[in-house]
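These are my notebook entries on a single protein model. I record what I looked up, entry by entry.

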Amino acid sequence: ETKVRVWVAASDCSKIIGRGGRQMREIESRTQTRLQVQKDSDAEVGSDERWIDIVGTRGAHKSALDQIMDLTAFCREDEGEVLKDTRVRTGPKASAAAPAPGAEAG
């Protein structure tokens, strides 16, 4: 058995765990893996991501990851590669574009 760590949006953890841990147990049962979700209290202050460790065989990792990605808006590998990102972005729009070259006052 080996462990793979992925990161998901903190707001999606409740979907993965489910009421009373039911969803997480179903994923574990269907994929023959063990999942460990980082506790909210252990997450870095201000972070919008939490890790999930998937323990099992390589084939089982893939099955569990597929099911996790079905439940999440965002998922990335521990090394940083984004596997899924369908989050809706909100907040201030990008600042005005810089002036075109040669448009500066001289």
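**Entry 1: strand pairing**

The model is a predicted one, in which local features need pLDDT of at least 70, side-chain atom pairs count only at pLDDT 80 or more, and totals for chains, interfaces and linings use all residues. Residues are numbered from 1 along each chain as its sequence is written, and side-chain values use heavy atoms, with hydrogens and water left out.

E1 and E4 pair in the antiparallel sense over three bridges. I counted two strands as paired if DSSP finds at least two bridges between them. E1 also pairs with E3, again antiparallel, over eight bridges. Within that pairing, Lys3 stands opposite Val55 in E3, and Arg5 stands opposite Asp53 in E3.

**Entry 2: the whole sheet and its helices**

I then asked in what order the strands of the open sheet stand. The order is E2-E3-E1-E4-E5, five strands with antiparallel pairing. E2 and strand E5 (82–85) stand at the edges with a single partner strand each, so one side of each has no neighbour in the sheet. From one strand to the next, the twist averages 20°.

The secondary structure comes to three helices and five strands; helices (H or I, at least four residues) and strands (E, at least two) are DSSP runs, numbered from the N terminus. Along the sequence I read the pattern β-α-α-β-β-α-β-β.

Helix H3 (residues 58–71) lies across E1, E2, E3, strand E4 (74–77) and E5, and runs at about 145° to E3. For such angles, axes are lines fitted to C-alpha atoms, for helices over the stretch in contact, and the angles run from 0 to 180 degrees between N-to-C directions.

**Entry 3: the nonpolar core**

I looked up which residues of the largest nonpolar core touch the most other members. They are Val8, Leu35, Ile52, Ile54 and Ile68, out of 15 residues. Such a core is a set of buried Ala, Val, Leu, Ile, Met, Phe, Trp, Tyr and Cys residues joined through side-chain atoms within 4.5 Å. Buried means under 20% relative accessible area, exposed over 50%, and partly exposed in between (1.4 Å probe, protein chains only).

E1, helix H1 (13–17), H2, E2, E3 and H3 each supply at least two residues of this core. Its largest share, four residues, comes from H3. In the protein, buried residues make up 35% of the 106 residues.

I listed the contacts of Ile54 (heavy atoms within 4.5 Å), not counting residues up to four places away in sequence. Among them are Val4, Val6, Leu35, His61, Ala64, Leu65 and Ile68. Of the contacts in the protein with a separation of 6 or more, 56% are between residues 24 or more positions apart.

**Entry 4: salt bridges**

The structure holds ten salt bridges, each a side-chain nitrogen of Lys or Arg within 4 Å of a carboxyl oxygen of Asp or Glu. I examined three of them.

Arg34 forms one with Glu1, the closest N and O atoms being 3.1 Å apart. Arg34 lies in strand E2 (residues 34–37) and Glu1 in the segment before strand E1 (2–9), so the pair ties together parts that are 33 residues apart in sequence. Glu1 is exposed at 67% relative accessible area, whereas Arg34 is partly exposed at 47%.

Arg5 and Asp53 meet at 2.7 Å, N to O. This pair links distant parts of the chain, with Arg5 in strand E1 and Asp53 in strand E3 (residues 49–56), 48 residues apart. Is Asp53 buried or exposed? Asp53 is buried, with a relative accessible area of 4%, while Arg5 is partly exposed at 25%. Lys3, Arg5 and Asp53 are linked in a network of salt bridges.

Glu26 and Arg22 meet at 3.7 Å, N to O. Both lie in helix H2 (residues 22–31), four residues apart, about one turn of the helix. Arg22 is exposed at 55% and Glu26 partly exposed at 31%.

**Entry 5: confidence**

The protein averages 89, and 85% of the residues score at least 70. Where pLDDT is low, the predicted coordinates should not be read in detail.

How values were computed. pLDDT = per-residue confidence, 0-100.
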